[in-house]
Amino acid sequence: MVDALLALLATLGALAATGLLVQRAYKDRLLYLIAWSFTQVGLTLALLSMSLGFMMGFNGVLFRVMELGAALIGPVWLALGMIELIARYVQVRFGAWLFTISYTVVAIVILILDPLKGSLGKSLPKPGATYDALPLLLIDGGHVVAVLALAGCTGVTAWLASKRDQEAAELLIPVALVALAGVLVVSGTRGFLPAPLALIALGAAAGLVWYGSMRTIPVYDEDADGYDEYGDEPATGYEEQGYPRRAKAEPVPAPTPPPDPRRGELRFPEPASEELRYPENTSIPENTGVPERSMYPDNPAGPTAIDGPLGGPLDRSPLAGLAKPGALGGELANACGQITVYTLLDGREDAFDRLAADLVKAALATEPDTLVFACHEVVGGPTQRIFYQLFRDESAFAAHRRQPHLQRFLAESRTHVIATNVIELKLGPAKVPLPAPEFPGR
């Protein structure tokens with residue numbers, strides 16, 4: 001009866017952890033979370049079968065569900081999720097998925113159809129006394145592969161962390177917790193431990209998988225004005241993929257000579273001696289989309305201004321399109337921007353570009369005060385991507401940082417990025433794009 005009560009408590013705990021992990025996997029759509037969700041489901045079904053077996057007695061169905069969930073699916077898919085999280089080459093991850101799915105399908109068919117031997121009662125059955133050689137060989141093979149994969153991933157992560165790899169350093173503790181969960185799963189299903197210890201091992205494994213998976217996901221503060229990294233408290237997650245934390249100002253002795261106050265701003269070279277010269281002929285060439293003067297009989301001189309891209313009057317002088325602070329009706333007086341340079345993992349370019357395309361579409365549809373949002377590929381640098389963003393003012397910038405589609409992009413792109421460099425800008429003189437005027441009948 002004690003075993004049944006302990007199994008029921010372990011089942012309830014595993015069920016809660018499984019529900020939380022499946023919910024997060026459905027929300028974030030990360031492959032390693034999906035793989036670990038299979039592990040959690042397998043452990044929960046195995047513990048539930050144990051609870052029923054201790055209360056009513058084990059039979060063939062309960063024993064097979066217990067072995068399939070905890071002895072086969074649990075460790076194998078746990079290792080698959082670890083490889084998906086750690087491996088930086090798409091070929092390794094694809095091979096891991098292909099092997100795991102194939103091995104799981106073949107093993108499930110054999111473990112379901114292979115006849116059982118011996119008798120079953122209310123005590124925890126041992127696999128060696130109930131299965132024949134082939135099912136035991138498949139279970140042993142899955143355990144060996146899982147232990148080697150978990151140990152290898154943990155070792156690689158520790159080695160990269162010792163080389164000051166930031167991503168590996170942040171993943172080291174979650175990876176170690178998940179690896180420990182794998183050891184507990186294998187230990188609890190081999191038949192070597194007594195029933196109470198096996199139940200504790202499987203229940204603890206389910207909790208460790210959930211806790212370790214939560215430690216791998218960026219956490220955002222939805223109540224703050226921006227992300228956590230803009231507040232006073234340390235942020236949790238991967239700040240290097242978003243907007244880095246602005247450090248608190250500290251008193252610094254004034255250097256001699258004083259630094260250029262414009263340092264860090266986007267500006268253009270200044271002419272050395274001559275003034276900027278423009279062509280004297282200021283007539284507008286043909287086929288430029290600007291209405292001819294003959295279209296305005298009441299004003300032979302033609303129009304002097306047309307609507308600019310931000311709703312203000314745009315001068316048709318040779319300096320048209322050169323926006324200065326306070327120009328265009330003051331629309332760009334407080335504009336600010338940001339350049340983000342992403343260095344991608346080899347083979348992750350297409351996946352990152354799909355996420356970037358979705359982000360740009362969402363910004364176009366829901367951010368009217370985001371004036372420019374462009375993702376650039378670098379010629380000669382296939383793993384480089386550069387985002388250029390221009391906002392109407394600081395409040396528009398803050399609103400952009402709160403957007404859920406940006407948070408989703410930061411979470412899903414983390415596994416594709418090696419490093420990120422962020423440069424914040426204040427708008428100086430700039431040439432803004434001019435829309436073609438609309439004519440009746442066009």
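Trainee: Is R164 buried or exposed?

Mentor: The class follows from relative accessible area, and a residue counts as exposed when the value is over 50%. In this predicted model, R164 has a relative accessible area of 80% and is therefore exposed. R164 belongs to the loop between α6 and α7 (166–189).

Trainee: What is the phi of R164?

Mentor: R164 is not a glycine, yet its phi is positive, at about 65°. This residue follows helix α6. R29 is found in the loop between α1 and α2.

Trainee: How many residues does helix α6 have, and what distance does it reach?

Mentor: One compares the distance between the end C-alpha atoms with the span expected at 1.5 Å a residue. Helix α6 (residues 133–162) has 30 residues and reaches 43 Å from its first C-alpha to its last, close to the expected 44 Å. For α2, with 26 residues, the reach is 38 Å, close to the 38 Å expected.

Trainee: At what angle do the axes of helix α3 and helix α4 cross?

Mentor: The angle is taken between the N-to-C directions of the two axes. Helix α3 (residues 60–86) and helix α4 (residues 90–113) have axes that come within 10 Å and cross at roughly 175°. Angles over 145 degrees count as roughly antiparallel, and α3 and α4 are therefore roughly antiparallel to each other. As for the residues of the contact between α3 and α4, 17 are nonpolar, two are polar and three are charged.

Trainee: How many aromatic pairs are there?

Mentor: Ring pairs are read from two values, the distance between centres and the angle between planes. The count comes to 15 aromatic pairs. One of them joins Y32 and W36, which are edge-to-face, with 5.4 Å from centre to centre and 80° between the planes.

Trainee: Why are Y32 and W36 separated by about one helical turn?

Mentor: They are four residues apart in helix α2 (residues 31–56), so about one helical turn separates them. Both Y32 and W36 are buried. For W210 and Y211, the ring centres are 6.5 Å apart and the planes lie at 50°, so this pair is tilted. W210 is partly exposed, with a relative accessible area of 27%, and Y211 is partly exposed too, at 39%.

Trainee: Which residues form one aromatic cluster?

Mentor: Rings may also be read as a group. Y342, F352, F373, F387 and F409 form one aromatic cluster.

Trainee: Where does the charged end of R29 sit?

Mentor: For a charge over a ring, one reads the position of the charged end relative to the ring centre and the ring normal. The charged end of R29 sits over the ring of Y26, at 4.7 Å from its centre. Elsewhere, R401 lies over the face of F397, 4.6 Å from the ring centre.

Trainee: How many residues apart in sequence are D28 and E412?

Mentor: Here one sets the separation in sequence beside the distance in space. D28 and E412 are 384 residues apart in sequence, and their C-alpha atoms are 7.0 Å apart in space. D28 lies in helix α1 (residues 2–28), and its relative accessible area of 9% makes it buried.

Trainee: How far apart in space are S187 and A71?

Mentor: S187 and A71 are 9.5 Å apart in space, C-alpha to C-alpha, with a separation of 116 residues in sequence. S187 lies in helix α7 and counts as partly exposed, at 30% relative accessibility.

Trainee: In which strand is N421 found?

Mentor: N421 is found in strand β7 (residues 417–426). At 43% relative accessibility, N421 counts as partly exposed. N421 and T340 are 81 residues apart in sequence, while the C-alpha to C-alpha distance between them is 5.7 Å.

Key
Residues numbered from 1 in each chain as written. Predicted model: local features only at pLDDT ≥ 70, side-chain atom pairs only at ≥ 80, totals over all residues. Heavy atoms only, no water. Phe/Tyr/Trp six-rings, centres within 6.5 Å; stacked < 30°, edge-to-face > 60°. Helix = DSSP H or I, 4+ residues; strand = E, 2+ residues; numbered from the N terminus. Buried < 20%, exposed > 50% of the residue type's maximum accessible area, 1.4 Å probe, protein only. Lys NZ or Arg CZ within 6 Å of the ring centre and 35° of its normal. Axes fitted to C-alpha atoms, helices over the stretch in contact; angles between N-to-C directions. Parallel < 35°, antiparallel > 145°, perpendicular 65-115°, else oblique. Nonpolar A, V, L, I, M, F, W, Y, C, P; charged D, E, K, R; others polar. Expected span 1.5 Å × (residues − 1).
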